[in-house]
Amino acid sequence: MSEVVDDQREVRHARYAVAAVFAVHGAVTGSFATRVPWIQDHASVSAGQLGFALAFTAFGASCSMPLAGRITHRFGSRTALRGLLALWTLALVLPSLATNLPVLCLAMFVYGATAGMADVAMNALGVEVENRLDKSIMSGLHGMWSAGALTGAAAGTLAAHLGADARLHHALAAATLTLLGLAACRWVLDLQPTEDEEPPPRFALPPRSALLIGAAGFCAVFAEGASLDWSAVYLQDRLDSSAALAAACTTGFMLTMAVARLVGDTVVNRFGAVRTVRAGGVLAAFGGLMVVLAGNPPVAMGGFALLGLGIAVVVPLCFAAAGRSGPNPSQAIAGVATITYTSGLIAPSLIGSVAQATNLMVSFVLVTVLAFGLTALAGVLRSGDRAPSQAKVTPPSAAVPGPRP
């Protein structure tokens with residue numbers, strides 16, 4: 001009996017620890033996003049060049065993500081997460097040091113590579129804790145990521161308001177988050193491979209059943225990635241707002257995302273996954289229209305907030321639906337995760353490319369169209385149309401990346 005109690009206590013501690021890891025990971029993203037305008041000015045790059053540099057984030061993550069499973073297999077989950085998370089938090093300092101486009105591209109490659117590996121490791125542990133608790137916790141973990149991103153963005157807003165050098169701001173943030181991350185990793189599950197366990201595969205094609213579900217996740221994460229990295233730039237370049245107000249816009253976007261994710265299960269329990277996502281798609285599209293048509297910063301800020309509110313719960317519901325979409329739930333979940341993660345990584349660079357060819361307003365017309373696409377794709381989540389807390393998902397043998405919220 002005492003062994004059972006000890007095991008339950010270990011799993012509860014691991015749940016809180018992995019939640020703290022999600023918050024630390026999010027805080028790095030929030031800290032970076034609010035200082036993108038400063039980084040753009042410091043590196044003397046245009047909107048199109050900034051989008052090109054941000055593409056190296058996706059390239060770095062795509063190259064590194066297959067390594068995370070191998071690293072975890074080699075060192076065990078706790079040691080691997082400790083090292084990968086520290087690399088990610090410390091990589092925060094690199095973009096602000098760039099003084100030209102080539103250096104910024106290299107910095108974003110490393111930034112993306114460390115982000116992807118840490119993301120894979122922490123989501124794999126989150127799924128393991130969820131299975132041991134026999135109830136869904138992933139939505140809450142995503143909410144903790146958003147809360148961490150909000151905290152990082154709030155600090156970034158204050159730093160921008162004070163006119164602080166982003167190099168100093170990010171150095172202090174990186175040091176603090178590294179210490180917090182190492183402390184949290186002390187309590188995560190320490191999973192070790194068995195002697196006869198093969199290393200995880202490097203690549204697996206998503207099953208056909210995952211493609212439409214992944215498309216819904218793609219739309220939501222595209223809107224999230226575009227808003228997260230470009231909302232501050234949009235307010236400064238299009239609406240001539242101050243740096244502090246632009247940073248506050250990013251903070252407001254992440255605030256609505258965090259609140260919606262933390263209370264999302266209650267809404268889904270009452271209305272179901274399909275109706276929730278359809279309503280969210282309408283709400284997000286309306287927010288996108290507000291951004292496109294905004295003539296002043298407050299209207300645009302309200303639009304970005306509605307975008308965040310509308311798309312917040314889509315990705316957790318995509319994972320739930322994937323787990324019940326076919327005979328191989330693990331492969332389906334891995335496929336959906338890959339599609340949604342890729343969307344979040346390519347969105348910022350594609351927005352920059354469209355802005356270079358036209359302008360940022362046209363870029364967010366694209367975001368609005370994709371957000372409205374959720375209303376048409378919501379039906380594919382019908383297999384997940386029950387309370388997330390009732391869903392049981394078998395994790396893939398390899399570490400699976402979760403969404404970039």
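1. Of the protein's 405 residues, 56% count as buried. Keep in mind that this is a predicted model. The fold has 15 helices and zero strands.

2. Look at the contacts next. Among those between residues at least 6 apart in sequence, 86% join residues at least 24 apart.

3. Now the surface. Its accessible area comes to about 16,100 Å². Carbon and sulfur atoms account for 65% of that. Leu255, Val259, Leu262 and Val263 make a nonpolar patch of about 350 Å². Val263 is found in helix α10, residues 243-271. Is Val263 buried or partly exposed? Val263 counts as partly exposed, because its relative accessibility is 44%.

4. Aromatic rings deserve a point of their own. The whole structure holds seven aromatic pairs. One of them joins Phe32 and Tyr111: the ring centres are 4.9 Å apart and the planes stand at 40 degrees, so the pair is tilted. Phe32 lies in helix α1 (residues 2-33) and Tyr111 in helix α6 (residues 101-133), so the pair ties together parts 79 residues apart in sequence. Phe32 and Tyr111 are both buried. Ring pairs also bring in Trp88, which forms a cluster with Phe32 and Tyr111.

5. Compare a second pair, Tyr234 and Phe364. Their centres lie 5.2 Å apart with planes at 80 degrees, so this pair is edge-to-face. Tyr234 sits in helix α9 (residues 208-239) and Phe364 in helix α15 (residues 360-377). The two residues are 130 residues apart, so check both helices together. Both Tyr234 and Phe364 are buried.

6. The charged end of Arg74 sits over the ring of Phe75, 5.0 Å from the ring's centre.

Technical notes. Residues numbered from 1 in each chain as written. Predicted model: local features only at pLDDT ≥ 70, side-chain atom pairs only at ≥ 80, totals over all residues. Heavy atoms only, no water. Helix = DSSP H or I, 4+ residues; strand = E, 2+ residues; numbered from the N terminus. Buried < 20%, exposed > 50% of the residue type's maximum accessible area, 1.4 Å probe, protein only. Contact = heavy atoms within 4.5 Å. Areas by Shrake-Rupley, 256 points an atom, 1.4 Å probe, with all protein chains shown as cover. Patch = residues over 30% accessible without salt bridge, like charges linked within 9 Å, V, L, I, M, F, W, Y side chains within 5 Å. Salt bridge = Lys/Arg side-chain N within 4 Å of Asp/Glu carboxyl O. Phe/Tyr/Trp six-rings, centres within 6.5 Å; stacked < 30°, edge-to-face > 60°. Lys NZ or Arg CZ within 6 Å of the ring centre and 35° of its normal.
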